Amino acid sequence: MTGKQRAYLRSLANGIDAKYQIGKDGIDEETIKMVDLALEANELIKIKVLENSWLSVRECSDEICEATGAYPVQCIGNKFVIYRESEKNKTIRIPK
């Protein structure tokens, strides 16, 4: 993914709220399944890492991206944004 594509996705992510949270339990199979379904439905999602989590924001982003095949878009503060193109519900057109 190029810097221009990542910047475009960051601009889209400004308008969405973090609908998912990672807390002290960390990342388990249920979390991965939930994020996988959310990515298929929305393509671009924002996730919040709570202060009581034992993982950093970057560690959470890397682990979820590796498990779901998503691309990290942005890590800022206690939130991160990831993107994966949907197979059935393509709504985001990324510039080339």
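## The second largest pocket

The second largest pocket is lined by L12, I16, D17, K19, Y20, N42, L44, I45, K46 and I92. A word on terms: on a 1 Å grid over the protein atoms alone, a pocket is an open set of points where a 1.4 Å probe fits, with protein on both sides within 12 Å along at least five of seven lines, and lining residues have an atom within 4 Å of a point. This is a predicted model, where local features need pLDDT of at least 70 and side-chain atom pairs count only at pLDDT 80 or more, while totals for chains, interfaces and linings use all residues. Residues are numbered from 1 along each chain as its sequence is written, and side-chain values use heavy atoms, with hydrogens and water left out.

How much volume does the second largest pocket have? The value is about 170 Å³, where a volume is the space filled by probe spheres set on the grid points, which are joined across faces, edges and corners. Its lining divides into six nonpolar residues, one polar and three charged. Here Ala, Val, Leu, Ile, Met, Phe, Trp, Tyr, Cys and Pro count as nonpolar, Asp, Glu, Lys and Arg as charged, and the others, Gly among them, as polar. Strand β2 (residues 44–49) gives the largest share of this lining, three residues. Strands (E, at least two residues) and helices (H or I, at least four) are DSSP runs, numbered from the N terminus.

## The largest pocket

The largest pocket holds about 250 Å³ of space. Around it stand M1, Q5, Y71, Y83, R84, E85, K90, I92, R93, I94, P95 and K96. By type, that lining has six nonpolar residues, one polar and five charged.

K96, one of these lining residues, lies in the segment after β4. Is K96 buried or exposed? K96 is exposed, because its relative accessible area is 89%; exposed means over 50%, buried under 20% and partly exposed in between, using a 1.4 Å probe and protein chains only. Although K96 and M1 are 95 residues apart along the chain, their C-alpha atoms are separated by 9.4 Å.

## The sheet

Strands of a sheet pair through backbone hydrogen bonds, either parallel or antiparallel. In this model, four strands form an open sheet in the order β1-β2-β4-β3, with mixed pairing; two strands pair if DSSP finds at least two bridges between them.

I82 in β4 is the bridge partner of P72 and of I45. F80 in β4 is the bridge partner of C75, while K79 in β4 stands opposite I76. In the hairpin of β3 and β4, two residues lie between the strands, and G77 takes a positive phi near 65°.

## Helices and buried residues

Helix α1 (residues 3–13) lies across β2, β3 and β4, running at about 60° to β3. Helix α3 (residues 57–68) packs on the sheet and touches β1, β2, β3 and β4, with a direction that makes about 20° with that of β4. These angles run from 0 to 180 degrees between N-to-C directions, and axes are lines fitted to C-alpha atoms, for helices over the stretch in contact; contact means heavy atoms within 4.5 Å.

Four of the five residues of β4 are buried, so this strand is largely enclosed by the rest of the structure. Y83 is in strand β4 and is buried, with a relative accessible area of 3%. Leaving aside neighbours within four places in sequence, Y83 is in contact with residues including M1, L9, E43 and I94. E43 lies in the loop between α2 (29–42) and β2, and is buried with a relative accessible area of 0%. E43 has a positive phi of about 70° although it is not a glycine.
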